[in-house]
Amino acid sequence: MKNKIKCAVTTENISAIAVFVFFLLYPMLHSAYKVLNMANFLITVILALSLALIWGYTGIFSYAQAAFYGIGGYTYAIFCKNFANPSLTPIFLIAGVLAGFLVALVLGYFMFYGGVNDVFVALVTMCFTLVLETFLAQTAGPEWAIGKAQLGGFNGINAVTPLTFGAFPVKGEALYALVLLLVLAIYLALRIMEKRNLGYCLLSIRENRARSEMFGYNTAKIQMVIFAVSGAIAALAGVLYTSWGGYIVPSAVGMTQATMPVVLVAAGGRKNPTAVVIFTLFYLVLSQNLAASGSQYSLVILGLILLLVVLFVPKGIIHSLFEIIDEKAAVLLKNGSIRTGGKANEQKNP
Amino acid sequence: MFNSIFNYFYQFLDSFSFLIIAVSGLAIIFGMMGIINLAHGEFIMLGAYIFTILAKASVPLVFAIALGTVFVGIFGYIVDKLVVSRLYGRALDSVVATWGISLLLRQGILILLGPSIPGLTTPMGTFAVGSSTYSIYRIVLAAVAIALLAGVYWLFMHTTFGLHSRATMQSSTIAQSLGINTGRMYSMTFMLGSALAGLCGALYAPTMTITPTMGQAFQNDSFVTVIVGGANPLIGMTASGTVLGVIQSALSMLFGTFFGKIGLLVVAIIVIRVLPQGFSGMIEKHMVKGKR
């Protein structure tokens, strides 16, 4: 038991606790505006974690996370426009998540049962995202309406009712708390799964699909279900975003938005959810400050980060940092009474 | 009656040549190296920019097309040396890296040259069949597409380069042990694929608005064509270009351009479900069966 606790003392876990304590204390230390801003960042963290699940754990490069995000957001907005009663919004949230889940399930069925391999999954999901964006952007005319909801072309759907529990609208700090809770839940689910059979199964599919299949796993089914779950998580982020801002537009599905989770997850460290959370936070704060000095360079910076990371730190910046610090700490504490966990320690005590 | 048949045939030729010319560079790189060049659309855009700038400076059209092809080819060689050659054997990473390149190119051109530059009008004028008029240039493009297929066939089947590249495609380890410099073959292939992307951009520049995002119009269609075609660039390109050309032109005529594009995606998803190896996988399988 004691040994177990000592093994859990890694840079990753310490940083994870620090980050979540920071998130928890944030609303007490900052203005309402900043808290709302941070809530938006946390929504992007959910989107990034959905990609970490499908790409980092399962090895499926999905470019469609933004599409599922948009599907969730649009579903929520369409329901809100058709039924004015705000107390029904939690049901619409579930409907949005379910829509993302089902679309991903169908797309996943065609891909994984068709034996489509990694690069082709990237292409199909990319085409899917492109077509969805093109479709939504050309829905400006009045004939594009679902019930009372006008899809509205480039302008999207505006003035969407925020999420409401009973008579209590989830706004400001309440929204922040809800989003933080969801981030924590998804993050913990990912971390716990890592050490359970399901997680090992996903990792084995990532490392060698054919071999996992030989061991008797129905890889196509697992891939399809995980793809659908990650679609549902992305859709959840979309619903929260729509509720947060009160609007959803086609550019939420567009190129920049679709690239963002890929960059965040790749640059942070796709196999490591903690690294993803930290890098997402770091990047969003940085890019918001950069945006003041000229947003046309933000795509250039995104592209450059992507290129440099793939070439020089394929594991991801934060993930590599974790490993380096773990190793250094292990060397420093070699003769001390405290032992650290992590990779360096495992190698010494097999 | 004849008019509507000719009209359909013309639409088909247009879709077919568009798909073939747009996909050739991508298909050769994919077939040979297993890499999907996500910056393909941006390479096409680059070719279009070089062509338009040269043509505006009153360089003859044919030379402008040739120079556009050569410049993008050289650019592709540089990209290969700097980035892609470091990622051989890491297909997914190369997808992410080329995606980074495409973002850089698109946004870089936007910052340098603004949201659009004035294009040329479609050269060569029109001809009339019945009451409708058609562009001669589109017919020329169809001829170019067929010439391109013939050229690729000749290159891969009747030259030393083709022999070496087919050997590398089948088994790079054995090809290497027989004295073929596979790294160089990959570089050459990437350069060739980029040059073909440049050619595509130069050929289609007079028919389109020249913007930094114009590559995306090609990107989607060419990805779908590669997916449906499968690994063999020659067979796959021809078969999927024909089939998708028929479907796209029919849907576009009946329901409009947008449904043509949606139709392509739906067909692609169904084809990969039924034929995971694409058309070339199916055709090769049947040919092998026939020989046994």
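Two residues are in contact if their C-beta atoms, placed from the backbone, lie within 7 Å. By this criterion, 33 residues of chain A are in contact with 30 residues of chain B. The model is a predicted one, in which local features need pLDDT of at least 70 and side-chain atom pairs count only at pLDDT 80 or more, while totals for chains, interfaces and linings use all residues. Residues are numbered from 1 along each chain as its sequence is written, and chains are lettered from A and ligands numbered from 1 in the order in which they are written.

Helices (H or I, at least four residues) and strands (E, at least two) are DSSP runs, numbered from the N terminus. Helix 6 of chain A gives the most, with twelve residues. By class, this side of chain A has 25 nonpolar, seven polar and one charged residue. Ala, Val, Leu, Ile, Met, Phe, Trp, Tyr, Cys and Pro count as nonpolar, Asp, Glu, Lys and Arg as charged, and the others, Gly among them, as polar.

Chain A has 15 helices and four strands. Its radius of gyration, taken over C-alpha atoms, is 21 Å, close to the 20 Å that the globule rule (2.2 Å times the number of residues to the power 0.38) gives for 350 residues, so chain A is as compact as a globular protein of that length. Of the 350 residues of chain A, 47% count as buried, with 20 or more other C-beta atoms within 10 Å of their own C-beta atom, placed from the backbone.

In chain B, helix 2 (residues 40-56) and helix 3 (residues 61-82) pack at an angle of about 140°, with axes 8 Å apart. Axes are lines fitted to C-alpha atoms, for helices over the stretch in contact, and angles run from 0 to 180 degrees between N-to-C directions. The two helices of chain B are therefore oblique to each other. Angles under 35 degrees count as roughly parallel, over 145 as roughly antiparallel, 65 to 115 as roughly perpendicular and the rest as oblique. The contact of helix 2 with helix 3 of chain B has 13 nonpolar, four polar and no charged residues.

The axes of helix 6 (residues 160-170) and helix 8 (residues 182-204) of chain B come within 10 Å and cross at roughly 110°. That makes helix 6 of chain B roughly perpendicular to helix 8 of chain B. This contact has one nonpolar, five polar and no charged residues.

Terms used:
Buried ≥ 20, exposed ≤ 12 C-beta atoms within 10 Å, placed from the backbone.
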